[in-house]
Structure formats: C-alpha cells, structure tokens
Amino acid sequence: MNGAGNDFIVIDNRSREIRLSPAQIMRLCDRHRGVGADGVILLVPPVGDADWAWDFYNSDGSSAEMCGNGSRCFAHYVRRLTGANKGLRFETRAGVISANFKGDAVTVNLMDPRDLRLREKVPLLSGEVEIHSLNTGVPHAVFFVADADKAMVTQLGSEIRFHPHFAPRGTNVNFVQVRGPGSIRVRTYERGVEGETLACGTGVTASALITAELHNFKSPVRVQVQGGDMLEISFERSGGKFSNVGLTGPAEFVFEGRIEV
C-alpha cells in the first residue's frame, strides 16, 4: 500500500503466528531483493479497548511508535478486510489513533503533539542554523528553506538526524518551504529509513503546526509532499498548544502477493 508515495507492506497477523526478525524486515523492504517498502505494518489483536492494533517497523528493522501515512493505509486496509465503513480506533506505541473515511480519502486524528521547541540554534558543519522541533507521535525537526527543490535533504538531513542536540534517539528532519497563506511544501529525511521518502505524515503534521505557530496560519494547512500529493492538516490552537489534530490524504492498494521469508 502507499499513502502519498510513502509505501508499506501490510500483513494480517491477528493469529500472532508471524514473527519477523529485523533482518527479515530489512529483506522485505529491500527494493532490489524483496518487496520494497518504507516500512512493515502487522495487524495484531488489541490489548486495550481499541478496535484494532498494529506493530510497525521501519525499513531498517527498528520498531516505531507512530506513522501518519501508515495510519491511513492501515485504516484503509482494515476497512477492506472487514467491510467496515464507519470510523475505527487502533492502538499504536504512541497511543490510540482514530480514523474516518470520506470516499478514497482517510483522515486520522493524531494524539496531541508535545515538546514544541522554537528557534533553537544548532551548530552544523556548514554553520549555525535555526531549527524548530515537535513530537507528533515521533520526534521531528523542522528547517525552513527558501526553495525545497534546492534543499540538501540527504546531506543536512543525515547530519541533523544524528546531531547530539537530538540525542539519544535522534530525529526526523523536515525541510519546509512556505508557498503562500495556508500552504507549504515539505521534504522529509526519515529516521529508520535513513533517507528521503516521498511523504511523511507525522512530518508534514509537525511542519504544518510549526508553520501555523510561526506564521499564524489558520486550520487547515495544505501540504505538498515530494511525491506530488497534497495532504491536509487540521487542528485547534489555544494558548500555544495544539489539539484535535487531523491528517487527511490518500491511501491506496498497489498489489497483493506471497513471499518466502
């Protein structure tokens, strides 16, 4: 499946019979020797009062707390698997996510973001830069650029992702271009993928909220991602805090198949 170009292998593991090692996950996500994906999502039984639950893994085999585009794909997968068209709730390591459907678009309501930090000075090899950060389920750094096409996503993204300022867990890194009122463009270097992806749901969410805070954008904010798709971030803001955050965008099936692991 893919959500705005962010692609995932989704597996029904409600029986809990499938146990994947990091090496197997890396092989599955390898675009030359496996299926190819930014991550692996396993549908598993919930342990709380949510309808469903997942186990989510990055392409490097590490587990992740949350993924915005993956959430939309997961919700669409459950809808196709069960035939349910009403909203649903599912457990992630970051908390319970709710999802709703409108045609082919899926909206996931994310947990309230935390740890907003603005205008921090971070020394890089090329000099000191101003970086903002926010946790939208996973940590994100936001770096504003004049032209996203010219952003050094791989080089600067890797340096910021592993920078001591964000130790010990590191961070995802978003390069944000303000296009006009209520509109931005975002390119993201993803932790765990260790490279640029065509979209990152939690990343565009962090980027939109930080832009709203700094540029007084109103809800919703439209975000163009590297894959060309447009995502929409809705939110409520009061007293410098965000709540009722929603991420809306496409979720598509690409193919089904079997593979030996």
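Okay, a definition to start: when I say pocket, I mean an open set of grid points with protein on both sides within 12 Å along at least five of seven lines, and a lining residue has an atom within 4 Å of a point. One caution before we go on: this is a predicted model.

So, the largest pocket. There's about 790 Å³ of space in there. Which residues lie nearest its centre? Those are I9, V10, I11, E256 and G257, out of 25 residues that line the pocket. If you're looking for the element that contributes the largest share, go to β2, which supplies six residues of the lining. Helix α2 is in on this too: like β2, α2 gives at least two residues to the lining.

Side chains of opposite charge can pair when their charged atoms come close. In this model there are 14 salt bridges, and I'll walk you through a few.

Take R31 and D38. Their side chains meet in a salt bridge at 3.0 Å, N to O. How exposed are the two partners? R31 is partly exposed, at 49% relative accessibility, while D38 is buried, at 8%. D7 comes in here as well: D7, R31 and D38 are linked in a network of salt bridges.

Next up, R191 and E65, which meet at 3.6 Å, N to O. This pair links distant parts of the chain, 126 residues apart. R191 is in the loop between β12 (183-190) and β13 (195-197), and E65 is in the loop between β4 and α2 (68-82). Buried or exposed? R191 counts as buried, at 14% relative accessibility, and E65 is buried too, with 16%.

Then there's R161 with E194, a salt bridge at 3.0 Å, N to O. Here too the pair links distant parts of the chain, 33 residues apart, with R161 in helix α3 (residues 153-161) and E194 in the loop between β12 and β13. R161 is buried, at 10%, and E194 is partly exposed, at 30%.

Last topic, cysteines. A disulfide is a covalent bond between the sulfur atoms of two cysteines. How many disulfides does the model have? The count comes to zero, with the cut-off for a pair of sulfurs set at 2.5 Å. Take C73: the nearest cysteine sulfur, that of C67, is 7.9 Å away, so C73 is in no disulfide. C73 is also buried, with a relative accessible area of 0%. For C200, the nearest cysteine sulfur is again that of C67, at 6.4 Å, and C200 is in no disulfide either. C200 is buried as well, at 4%.

That's what I have for today.

Note on methods:
Residues are numbered from 1 along each chain as its sequence is written. This is a predicted model: local features need pLDDT of at least 70, side-chain atom pairs count only at pLDDT 80 or more; totals for chains, interfaces and linings use all residues. Side-chain values use heavy atoms; hydrogens and water are left out. Buried means under 20% relative accessible area, exposed over 50%, partly exposed in between (1.4 Å probe, protein chains only). A salt bridge is a side-chain nitrogen of Lys or Arg within 4 Å of a carboxyl oxygen of Asp or Glu. Helices (H or I, at least four residues) and strands (E, at least two) are DSSP runs, numbered from the N terminus. On a 1 Å grid over the protein atoms alone, a cavity is a set of points where a 1.4 Å probe fits but cannot get out, and a pocket is an open set with protein on both sides within 12 Å along at least five of seven lines; lining residues have an atom within 4 Å of a point. Grid points are joined across faces, edges and corners, and a volume is the space filled by probe spheres set on the points.
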